[in-house]
Amino acid sequence: NTAMGAQMTDAHRRFLQILMSKGIIEASEARKLHRHCCETDKVYYAHDKLDDFIGTINRYLQPLFMQIRKGMSEEDGRAHYAVVNLAETEVTKMASDYTEIELELFRKTMDLIILSENGFASSTDILNLADKLKTKKMKKKEAEQVLKVFVEDKWLSEKNGEYTLHTRCIIEMEQYILSNYQDVARKCNICHSLAIQSQVCESCGIGMHLPCVRKYFKAQTEPRCPQCNEFWSCDIP
Amino acid sequence: ELVQFLLVKDQKKIPIKRADMLKNVIREYRDAYTEIVNQAGRTLQEVFGLRLVEINPKRHTYILVNNLPRAEGNHPCRGKEKAKLGLLTVILSFIFMKGNSVKDSALWEFLRRLRVHPGEQHEIFGDVQKLVMEEFVRQKYLEITSIPLTDPPQFSYQWGPRAAKETSKKDILNFVAKVQGKSPKFWTSQYNEA
């Protein structure tokens with residue numbers, strides 16, 4: 001089946017099953033899981049070979065148009081792993097879990113979030129959207145409940161009554177967002193991944209993730225934009 | 001494509017019908033149906049450690065069952081699911097210990113002792129009656145049959161095909177033994193059956 005490299009074992013399968021059921025896991029959790037799976041299925045465990053382990057799984061997932069992808073949380077900068085669909089062009093992974101009207105609300109919420117300055121949409125704005133849906137109007141209470149489910153299922157995350165895309169959603173839909181929101185979606189100048197929340201240079205307009213900003217300006221006494229060298233106007237997180 | 005379809009459908013624990021597979025995925029390749037399904041089954045086993053099992057040969061319905069040896073501790077499901085599985089385990093235990101079939105009145109009496117009441121919103125399970133009579137039955141964990149010639153209609157509960165595949169009488173007996181602090185051999189007829 002595969003020309004070279006390690007074979008898939010029950011440890012790999014267990015890791016994949018658990019990752020798929022959780023949707024997304026943090027890197028340190030992934031390392032623990034790696035060890036747990038190797039120990040449970042009595043497979044040789046090399047503690048620093050998580051990426052190789054995942055690479056083996058990915059070789060088998062490739063022909064199925066799936067991959068385990070690594071992404072960074074925009075909140076804390078920590079690495080996370082999620083299983084993503086490569087073939088889908090729409091929000092198909094969600095399509096089976098939600099009704100047509102819920103999906104429409106999600107798409108419109110995603111629009112709001114991506115088009116916003118700070119990567120957040122207030123619950124008031126989202127609830128106003130619910131009232132204007134094409135499929136069918138959604139009542140305020142219903143919309144609140146749907147939002148709750150989106151947060152539980154890790155598509156959205158909520159902070160102080162405002163909503164942004166969950167890390168899992170960003171990892172899963174990065175390609176979709178970059179291609180469908182080509183002109184508006186921002187890429188981080190440092191790590192070159194999609195940036196939903198970002199700080200923007202007032203002079204030249206480049207954007208950076210908050211954790212990337214923190215890392216980049218850590219050593220510098222005078223924060224200056226890496227592109228245009230103007231003084232960085234935003235507060236360093 | 002079929003593999004993804006099966007994974008997504010099974011996530012909801014609703015059995016997959018052959019008709020759905022043909023309509024949504026296989027479509028024009030109908031003639032190669034058997035080969036495609038077999039290939040999908042092999043892939044599911046090799047990559048995901050899942051077995052595609054036909055639970056109803058007449059109606060051609062399938063479920064995915066975990067093929068990996070059971071691991072202690074790390075249960076791959078979220079909080080709410082864990083609670084539901086806990087309730088289900090208790091129900092399956094009751095049914096098995098009572099000879100593989102119980103009347104619904106007996107089941108609800110048993111659950112009442114655990115402070116789970118039909119018709120009342122439970123703080124964790126919500127509408128318990130719906131959960132037990134509809135969700136667990138739809139997911140094929142429980143089977144419900146009506147007892148003929150009863151008025152008002154009474155039902156009896158048995159293990160469903162998914163329960164039989166995902167756990168075993170032996171495991172359930174060990175669970176009961178653990179909870180009650182006795183040896184499984186204490187219940188001779190169940191022990192012999194398990």
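This report covers a sheet, a cavity and a salt bridge in a predicted model.

Local features need pLDDT of at least 70 and side-chain atom pairs count only at pLDDT 80 or more, while totals for chains, interfaces and linings use all residues; side-chain values use heavy atoms, without hydrogens and water. Residues are numbered from 1 along each chain as its sequence is written, and chains are lettered from A, ligands numbered from 1, in the order in which they are written.

**Sheet in chain A**

Chain A holds an open sheet of 3 strands in the order 1-3-2, with antiparallel pairing. Strands (E, at least two residues) and helices (H or I, at least four) are DSSP runs, numbered from the N terminus. Two strands pair if DSSP finds at least two bridges between them. Strand 1 and strand 2 of chain A are the edges; each has a single partner strand, so one side of each lacks a neighbour in the sheet. From one strand to the next, the twist averages 25°. Strand 2 and strand 3 of chain A run antiparallel and are joined by 7 bridges. Met66(A) stands opposite Asn85(A) of strand 3.

Axes are lines fitted to C-alpha atoms, for helices over the stretch in contact; angles run from 0 to 180 degrees between N-to-C directions.

| Helix (chain A) | Strands met (chain A) | Angle |

**Cavity in chain B**

A search of the whole structure finds 1 cavity of 30 Å³ or more. A cavity is a set of points on a 1 Å grid over the protein atoms alone, where a 1.4 Å probe fits but cannot get out; lining residues have an atom within 4 Å of a point. The largest cavity has a volume of about 60 Å³, taken as the space filled by probe spheres set on the points. Its lining includes Lys13(B), Phe136(B) and Tyr141(B). Helix 4 (79–97) of chain B gives the most, with 4 residues. Helix 6 (128–138) of chain B supplies at least two.

**Salt bridges**

A salt bridge puts a side-chain nitrogen of Lys or Arg within 4 Å of a carboxyl oxygen of Asp or Glu. The count over all chains is 17. One of them joins Asp10(A) and Arg13(A), at 2.8 Å from N to O. Both residues lie in helix 1 (residues 10–22) of chain A, 3 residues apart, about one turn of the helix.

Definitions and conventions:
On a 1 Å grid over the protein atoms alone, a cavity is a set of points where a 1.4 Å probe fits but cannot get out, and a pocket is an open set with protein on both sides within 12 Å along at least five of seven lines; lining residues have an atom within 4 Å of a point.
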